[in-house]
Amino acid sequence: GGNFKPSQKGFVGGTKPFMDFGSWERHTKGIGQKLLQKMGYVPGKGLGKNAQGIINPIEAKQRKGKGAVGAYGSERTSQSLQDFPVVDSEEEAEEEFQKELSQWRKDPNGGKKKPKYSYKTVEELKAKGRINKQLSAPQKELSQVKVIDMTGREQKVYYSYSQISHKHNIPDDSPQQPLGKDAKPQGFALPELEHNLQLLIDITEQEIIQSDRQLQYERDMVVNLTHEIQKMSEVLSHEETAISNLSKVLDMVEECERRMQPNCENPLTLDECAKIFETLQDKYYEEYRMSDRVDLAVAIVYPLMKDYFKNWDPLKDCTYGTEIIAKWKSLLENDQLLSHGGQDLSTDAFHRLMWEIWMPYVRNIVAQWQPRNCGSMVDFLDSWVHVVPVWILDNILDQLIFPKLQKEVENWNPLTDTVPIHSWIHPWLPLMQARLEPLYSPIRNKLANALQKWHPSDSSAKLILQPWKDVFTPGSWEAFMVKNIVPKLGMCLNELIINPHQQHMDAFYWVIDWEGMISVSSLVGLLEKHFFPKWLQVLCSWLSNSPNYEEITKWYLGWKSMFSDQVLAHPSIKDKFNEALDIMNRAVSSSVGGYMQPGARENIAYLTHTERRKDFQYEAMQERREAENMAQRGIGMAASSVPMNFKDLIQTKAEEHNIVFMPVIGKRHEGKQLYTFGRIVIYIDRGVVFVQGEKTWVPTSLQSLIDMAK
């Protein structure tokens, strides 16, 4: 804080004393000067690449008062680094100094030099105010901070930091600089006046900024209020429209109530009420959708609906009211409830209407209905199935119809009742479907009891059972047949007498007549057990007594024609008839010394060949048909010309190479049919061709087979 004697000025390039910079080094052994010169240092110039460095130390500057650093303006000395630009020379620095110094000199012409003023426009103040808007609150708080100044002799209290800076503008107890020849005249300081002027300027600026902010706020408020006015206008218009629509709806409802009074001259009808509700739905949909349709319908529609159905008999006029109810369904049914499959009567007017008005008539008529007269009831429910809610229809079928049918099935007796049970049960299948399953078991039990004393000669059993074949499940139907029908048919076949000279076919016809009712496997089992043993025995006896082979051939073909193609295609039946052919061939071959009917051997051979050929063709046709069906379903090939199995492929190759391919009559190997393929004998097993060798059968490829046959 004392007076310091300024050091001698020296700028870049220096004065004479600095020409001897580092001259003391010549009296020592130091090499600093040499190193500097090697790096480009020139004596008398500044340090650095461009000689911009200073040589003299930084000068000290006396502060006026006791304030903090920077309280009295910039304290930079003339030798501060910022005062020495890299490219500045000594002449430029001197010129700048003289320019600053000239501001304090009087004009040589005797006139006062006009001071320069800096101005701020209103726009600049507004821009500054917007930038500092977010900082205004903290600055306001800092301006009201209580500050205790203990830097002087006495403790003083200030209420803003600005008061401290103004207080230090007046030097306090600082030593006076002596006046001398080189002393500069001190300016006349008026800190209070400057403070007041600055305060007026700041206040004016703040008023301008505050006025700008207030103006912007008012403009924003005008915009917001304009939008609010538009919104409120739209709301007001919507509310006025809603009030108008509600008033019209209320007038229509009150008109309906007035016309429903007992003394009204023009009473309201159900059709007119429907038109009114249609008007509400079309013109006032929002109000109609939001209204309580349940209460409205209960008050207006229900009384009219009761009066409409008061004389209704559902069984006599099953379609009465369907159109009007369908119309009310579209008017009253809750779409949202319908989409969720609900049945809440408190929220759906139509469901409540059907349950409380329509359903009592149905309960009453079902209570009086006789289940065996099912036609009228089925027609009635068929007519209403698309109108009645699903859960109400389920209630009718489960709680009203099924108990009546169940009780009637319990009272049914197949031996005494003349009306077949299927005539009054099967009409319910489209409506009830699986609901009738519990009735099937007691029906089968009653039918089984009725068949205990039945004989196959009685065809009425088939008439009673046939309608149930597609109703019962395949497993339950087959079990019923095996238990109650097949044993009776077996007894009938067992009683059949095979007599070629006088054959009675009634018993055989009684059994074959059940072919479509019992499975093929069951029928084949009956024939294998009760028919073919006797039939083959009769054939052997006949052949042992010098028979007429033409009669035997006719007898054989006649019995074979009694069976359907499906039965004949069964392997067991095919084997039995092939066995008969083998017996006839052996009989013809063994008759060497005895009398032989002329042409008998040729006839039997031709018969055998023809029958085997038919079987082969039938098998090929069946396999081809099955393959075509699979091809149509996307499982096999579609073209019928393409071989569908290995045997067809061999036949195709034989035709291409002109090779004879045909079955060998009466010859089998391990149950497999033998074939002639040109000059060799083969059989096919699981898609593999076996060729007859010297001692065994050898598998071979198709190409090798063709080569051997040529």
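I took helices (H or I, at least four residues) and strands (E, at least two) as DSSP runs, numbered from the N terminus. On that basis Gln399 sits in helix H14 (residues 390-411).

**Ground rules.** I'm working on a predicted model, where local features need pLDDT of at least 70, side-chain atom pairs count only at pLDDT 80 or more, and totals for chains, interfaces and linings use all residues. Residues are numbered from 1 along each chain as its sequence is written, and side-chain values use heavy atoms, with hydrogens and water left out.

**Overview.** I looked up the secondary structure and got 28 helices and 7 strands. For burial I used relative accessible area: buried is under 20%, exposed is over 50%, and partly exposed is in between (1.4 Å probe, protein chains only). By that cut-off 32% of the 710 residues of the protein are buried. I noted an accessible surface of about 46200 Å² for the protein, with 54% of it belonging to carbon and sulfur atoms. Those areas come from the Shrake-Rupley method with a 1.4 Å probe, and for residues only the protein chains shown count as cover. Contact here means heavy atoms within 4.5 Å. Among contacts in the protein with a separation of 6 or more, 61% involve residues 24 or more positions apart.

**Back to Gln399.** Buried or exposed, I wondered about Gln399? Gln399 is exposed, at a relative accessible area of 54%. I also checked its distance to Arg363: 36 residues apart in sequence, 9.9 Å apart in space, C-alpha to C-alpha.

**Charges over rings.** The rule I used wants NZ of Lys or CZ of Arg within 6 Å of the ring centre and within 35 degrees of the ring normal. Arg363 turns up here too, over the face of Trp355 at 4.7 Å from the ring centre. Lys560 lies over the face of Phe577, 5.8 Å from the ring centre.

**Aromatic pairs.** Rings of Phe, Tyr and Trp (its six-membered ring) pair if their centres lie within 6.5 Å; planes under 30 degrees apart are stacked, over 60 edge-to-face, and the rest tilted. How many aromatic pairs does this rule give? I got 39. Phe531 and Phe532 make an edge-to-face pair, because their ring centres are 5.1 Å apart and their planes stand at 75 degrees. Phe531 and Phe532 are both buried. Tyr683 and Phe690 have centres 5.0 Å apart and planes at 10 degrees, so I filed that pair as stacked. Tyr683 and Phe690 are buried as well.

**Helix H19.** Which residues of H19 (residues 474-484) are buried? I listed Ser476, Trp477, Phe480, Met481 and Asn484. They sit on the same side of H19 because they cover an arc of only 135 degrees around the axis; the arc is that of the directions from the helix axis to the C-beta atoms. Pro474, Gly475 and Lys483 are exposed, on the face turned away from the buried side. The buried residues of H19 pack against helices H17 (437-450), H18 (460-465) and H20 (486-494).

Two strands pair if DSSP finds at least two bridges between them. E3 (residues 661-669) and E4 (residues 672-677) run antiparallel, joined by 5 bridges. Looking at individual partners, I found Pro663 bridged to Tyr675 in E4 and Arg668 bridged to Gln673 in E4. The E3-E4 hairpin has 2 residues between the strands, and Glu670 there takes a positive phi near 55 degrees. E4 also pairs with E5 (residues 680-685), antiparallel, over 4 bridges. Thr676 has Val681 as its bridge partner in E5. That hairpin also has 2 residues between its strands, with Gly678 in the turn at a positive phi of about 70 degrees.

Gln433 isn't a glycine, but its phi is positive, about 50 degrees. I placed Gln433 in the loop between helix H16 (429-432) and H17, and it is exposed at 54% relative accessibility. Asn658, another residue other than glycine, has a positive phi near 55 degrees. Asn658 lies in the loop between helix H27 (646-656) and E3, and it counts as exposed at 72% relative accessibility.
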